[in-house]
Amino acid sequence: MRDDRLSDGNLPLELDAFVGRSAELAGLSRLLDSARLVTVTGAGGIGKSRLATRAARPHRACLVELASVRDPEFVDHAVVEALGLTDHTARPPREALLARLAEPGRELLLVLDGFEHLVEVCAELVDDLLRRLPGLRVLAVGRRPLAVAGERVFPLAPLGAPEAVELFVDRAAQQGVTVLAEDPDVRELCGRLDGIPLAVELAAGRLRALSPAQLLDRFEDRFRLLAGAARCAPARHRTLRTAIGWSHELCTPGERLLWSRLTVFAGPFDLEAAEYVCSGNGLPEEDVVDVLAELVAQSVVGREESPAGARYRMLDTVRAYGADWLEGTGDADRLRRRHRDWYLGLATWCELDWFSPRQSEVAARVEAELPNLRCALDHCLADPEEAHLGQYLAGSLWFYWAGCGRLSEGRHWLEQAVRLDSGHELSRLKALWVLGYVAILQGDPVPALAALQECREEAERSANPTAVAYAEHRTGCLALVTDDMPRAEALLRSALERYQEIGELNSNVLMGQVELAMARAFQGDLSEAVKLCDDVRRVCEDHGERWTRSYALYVLAYAAWSEGDPGGARDLLTDCLGAAHAFNDLLGSVLSIELLALVTMAQDDPVEAAVLQGAAAAMWPSVGLPLFGSAFYNAPHERCEATARERLGDARYEECVRAGARLDREAAVARALGRVPRALPAQRGAVRPAREPAGMREPAASPTRKGGETAG
């Protein structure tokens, strides 16, 4: 007996709009055209079934729903039944299936949905069918791959933010509720739902009773909130808890244990961290890698490549489910302590390795680990008995706060840390001088001076020569940016001598030498400034250090411009800006662009000079006080502006500045480095012939204003 399902397929009609997923749909369709077995994998509620059935629609396809099948021996029967095959003989259903599908010219796309609890028997079935039926292709849909030869895996990620919002708005309209995509509460809600389509749809179903703002207020218990799907929905998709719980049921006890323990990570993590933090008490360290691999295979944990190497992550919703289980085990405190210890060790290693050829890798590693480092800081600073560890951690990350564009966040943690009386002087002294340094960089001299004075007084009282040296160094740095050059020079020379006496050599020490060079340059001694920075450059290159080296290049470029060599200055600044931008060092980047504007003016291009000044002006608010409020640092800017205005006229100059201000940071850096073509408003008047103002080649040294930051 024949059935039309083999000819026409049995895919269900769609009852609501298919939203987004255009790129995924195109990618899956391409795979179906080139492979005989494709498996769509992903977490529960991610939208695998909907995408697969949409991709299968252009084909002659039959859908086999396996979620409700519990007996592995019934899988063959389920396939036969879904295909509408009737066979009254005594032969096994597999034979009937093979006989029917082997008919000449028969082509079929078999969609196996929800196989993850029957993975072994389904893998055997698919392997057998594909080997014996040349006209058959299989699209499998589950939370893990089948692991069959020839399988192409298509991992499905959550919806992007715009698509999640679009889905929420569409499903809200189905409830007769109008919400706007521009509503900040809607955007935040969709973000907190991880872009999981099931979660978004369940949240939209609550809109008849609750507004998006009220949903956010009640989000603490997301699993209770997000319940009540349509009655026709599969049982495992009627609440968010059952969707995630289905995956939990499929895990072994060891996998459930690791799932719960991994929830102590606040963001992506690597294998080594998981092995250290999550092992013990029933899970040997050597077993973690295999158990983690299974969680990845089951789409509980995702794996991704990053600049810091392979990383693992959990969706917040999956993490929240596992966190409830962790609390129930009574092991949460031990796991949090191990998490804290791992990231204290990581910060210690990174601080030491910052002064090495691995500086870029260190920056990428800390950036990748930032959510977990924040979690460790929170944990330490919330417990008075661990306050000293929080002070140590916040101070050890000085290189990241200062060198990688995190001044504001660094100050937040450091201010919290130094307010605590930890009873551990060494940790608090370091946090104090780092706080002073960060405040200087933000152009906030009063709290900077207070922190540095307290650090020095306590260090002298306790005879701590290292803390004395750092406090004196940063006080000299403060004098530099507040235009007291004689005091800056005296303090910086003294600090460098102290560093030499105690055998201290690192990026901070070399930065002190760069700052001394800047002080000498501002006082007109370009020769000594060049000598000091050439020495810094040599030491940095010997050690593979690039961050402090970039600031030495900045001073050398300033000297080159002052001595009438704009071409040499540009070469130095190009190198400087490239390094600063690679570290996300906003201060180093904007200083380089400011000086590049002056060099560009010296090379007879007032239009581009004005554009660069506009680009720099747009960057300063993300750093702090523009040019530190320092007359010495500001004089080249004013000279460039005055010359450009004279050449272009005020209206044209302002027009070019506005054009520069419209550039985002990436575009501004690319523009300054000459990597993009210039596109400016049409010029409304001729540029007057080049004329160099008097004193253009002399160093700027006209102190008038106070306050600000540092060049390092």
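**How do you know? Reading a predicted model**

Trainee: What is the accessible surface of the protein?
Mentor: In this predicted model, the accessible surface comes to about 29,600 Å². Carbon and sulfur atoms hold 51% of that area.

Trainee: And how much of the protein is buried?
Mentor: Buried residues make up 55% of the 712 residues. The C-alpha trace spans about 105 × 70 × 50 Å along its principal axes, and the protein has 34 helices and seven strands.

Trainee: Why is Leu112 called buried?
Mentor: Buried means under 20% relative accessible area. Leu112 has 2%, so it counts as buried.

Trainee: Where is Leu112, and what does it touch?
Mentor: Leu112 sits in strand β3, residues 108-113. Leaving out residues up to four places away in sequence, Leu112 touches Val64, Leu66, Val79, Val126, Val138, Leu139, Ala140 and Val141. Take Val138 from that list: Leu112 and Val138 are 26 residues apart along the chain, yet their C-alpha atoms are separated by 7.4 Å.

Trainee: What does helix α3 pack against?
Mentor: The buried residues of α3 pack against α2, β1, β2, β3, β4 and β5. Those buried residues are Lys48, Leu51, Ala52, Thr53, Ala55 and Ala56.

Trainee: How many aromatic pairs are there?
Mentor: The count comes to 20 aromatic pairs. One of them joins Phe265 and Phe269, with 4.5 Å centre to centre and 20 degrees between the planes.

Trainee: What makes the pair of Phe265 and Phe269 stacked?
Mentor: Rings pair if their centres lie within 6.5 Å, and planes under 30 degrees apart count as stacked. With 4.5 Å and 20 degrees, Phe265 and Phe269 pass on both counts, so the pair is stacked. Phe265 has a relative accessible area of 0%, so it is buried too.

Trainee: Which residues do ring pairs link into a cluster?
Mentor: That cluster holds Phe522, Tyr558, Trp561, Trp620, Phe628, Phe632 and Tyr633.

Trainee: What is the phi of Ser299?
Mentor: Phi of Ser299 is near 65 degrees, a positive value in a residue other than glycine. Most residues other than glycine have a negative phi. Ser299 is in the loop between α15 and β6.

Trainee: Is Ser299 buried or exposed, and why?
Mentor: Its relative accessible area is 16%, which is under 20%, so Ser299 is buried.

Trainee: Why is Ala463 called exposed?
Mentor: Exposed means over 50%. Ala463 has a relative accessible area of 64%, so it is exposed. Ala463 lies in the loop between α23 and α24, with a positive phi of about 55 degrees although it is not a glycine.

Trainee: Where does pLDDT stay under 50?
Mentor: That happens over residues 681-712. The protein averages a pLDDT of 88, and 91% of the residues score at least 70.

Notes. Residues are numbered from 1 along each chain as its sequence is written. This is a predicted model: local features need pLDDT of at least 70, side-chain atom pairs count only at pLDDT 80 or more; totals for chains, interfaces and linings use all residues. Side-chain values use heavy atoms; hydrogens and water are left out. Helices (H or I, at least four residues) and strands (E, at least two) are DSSP runs, numbered from the N terminus. Buried means under 20% relative accessible area, exposed over 50%, partly exposed in between (1.4 Å probe, protein chains only). Accessible areas come from the Shrake-Rupley method with a 1.4 Å probe; for residues, only the protein chains shown count as cover. Contact means heavy atoms within 4.5 Å. pLDDT is the predictor's confidence in each residue, from 0 to 100. Rings of Phe, Tyr and Trp (its six-membered ring) pair if their centres lie within 6.5 Å; planes under 30 degrees apart count as stacked, over 60 as edge-to-face and the rest as tilted.
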